[in-house]
Amino acid sequence: MKKIIALLFVLSGIYITASAQTKGTTEFGVSIGYNGSTVTTGQYTNSNERLGLNFGVSADFYFSDRWSFKAKLSYDQKGWDDGFLNGSYYGFYTTNYRLNYITVPLMANWHFGRTRNWYLNFGPYVGFLLNAKETAGSTPLNEVFNTVDAGLDAGIGIKFRISDKAKFFIELNGQGGVTDIIKDNGGSALRNSTSALNVGINF
């Protein structure tokens with residue numbers, strides 16, 4: 001019985017060592033996700049989300065088995081539905097707004113759990129507007145929106161080892177903008193707000 005218990009401890013230790021990353025290790029990842037995006041404002045409520053996709057790549061540099069620095073580069077479909085903007089030259093009618101960004105989050109990543117397979121990440125992000133339009137008249141609105149968006153990103157995820165060099169992950173994250181996305185805005189500031197469910201592979 002003692003030999004069996006000892007063997008279980010040894011096997012458990014081997015598994016933990018194999019599952020946890022060590023100092024100096026870098027993990028690279030690819031991901032795809034499903035977004036729900038809207039905007040927040042102090043004056044109007046745009047309550048209907050735009051549902052969209054995101055695609056991304058990441059690099060996660062480990063300082064220890066618990067802490068790492070994670071940088072991502074992703075294409076994000078943002079915007080909102082059934083809303084309007086104040087402004088005589090782009091109308092007062094209700095329409096859907098489509099904003100697409102290249103987003104770069106820079107995050108601290110805390111790994112926890114017995115095998116460090118759970119993680120929390122948090123940090124700032126900056127987004128670069130690719131294009132913007134409304135759908136009622138397919139009107140381009142790039143000149144209406146600021147080209148740079150910034151805010152905070154936070155998420156939680158779990159990894160599952162699928163081979164010696166690869167891990168499958170599921171992640172839930174949210175982004176809250178802190179900058180006004182409207183250029184020369186004379187009213188209440190509009191800020192991006194996004195939540196996403198992502199899956200991917202680290203290697």
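A surface patch, as the term is used here, is made of residues with over 30% relative accessible area and no salt bridge, and nonpolar side chains are joined into one patch when they lie within 5 Å. In this predicted model, a nonpolar patch of about 1,100 Å² is formed by I32, Y34, L51, L53, F55, W118, I156, F160, I170, L172, L197 and V199.

Several strands contribute to the nonpolar patch, for β1, β2, β7, β8 and β9 each supply at least two of its residues, and the largest share, three residues, comes from β2. W118, another member of the patch, lies in strand β5, which covers residues 118–134. Because its relative accessible area is 36%, W118 counts as partly exposed.

Most residues other than glycine have a negative phi. D82, however, has a positive phi of about 55°, and the phi of D184 is likewise positive, near 50°.

The average pLDDT is 86, and 83% of the residues score at least 70, while the mean is highest in β7, at 98, and lowest in helix α1 (residues 2–19), at 40. Over residues 1–19 the pLDDT is below 50, and this stretch has eight contacts in the model beyond near neighbours in sequence.

Technical notes: Residues are numbered from 1 along each chain as its sequence is written. This is a predicted model: local features need pLDDT of at least 70, side-chain atom pairs count only at pLDDT 80 or more; totals for chains, interfaces and linings use all residues. Side-chain values use heavy atoms; hydrogens and water are left out. Patches are made of residues with over 30% relative accessible area and no salt bridge: like charges are joined within 9 Å, nonpolar side chains (Val, Leu, Ile, Met, Phe, Trp, Tyr) within 5 Å. Accessible areas come from the Shrake-Rupley method with a 1.4 Å probe; for residues, only the protein chains shown count as cover. A salt bridge is a side-chain nitrogen of Lys or Arg within 4 Å of a carboxyl oxygen of Asp or Glu. Helices (H or I, at least four residues) and strands (E, at least two) are DSSP runs, numbered from the N terminus. Buried means under 20% relative accessible area, exposed over 50%, partly exposed in between (1.4 Å probe, protein chains only). pLDDT is the predictor's confidence in each residue, from 0 to 100. Contact means heavy atoms within 4.5 Å.
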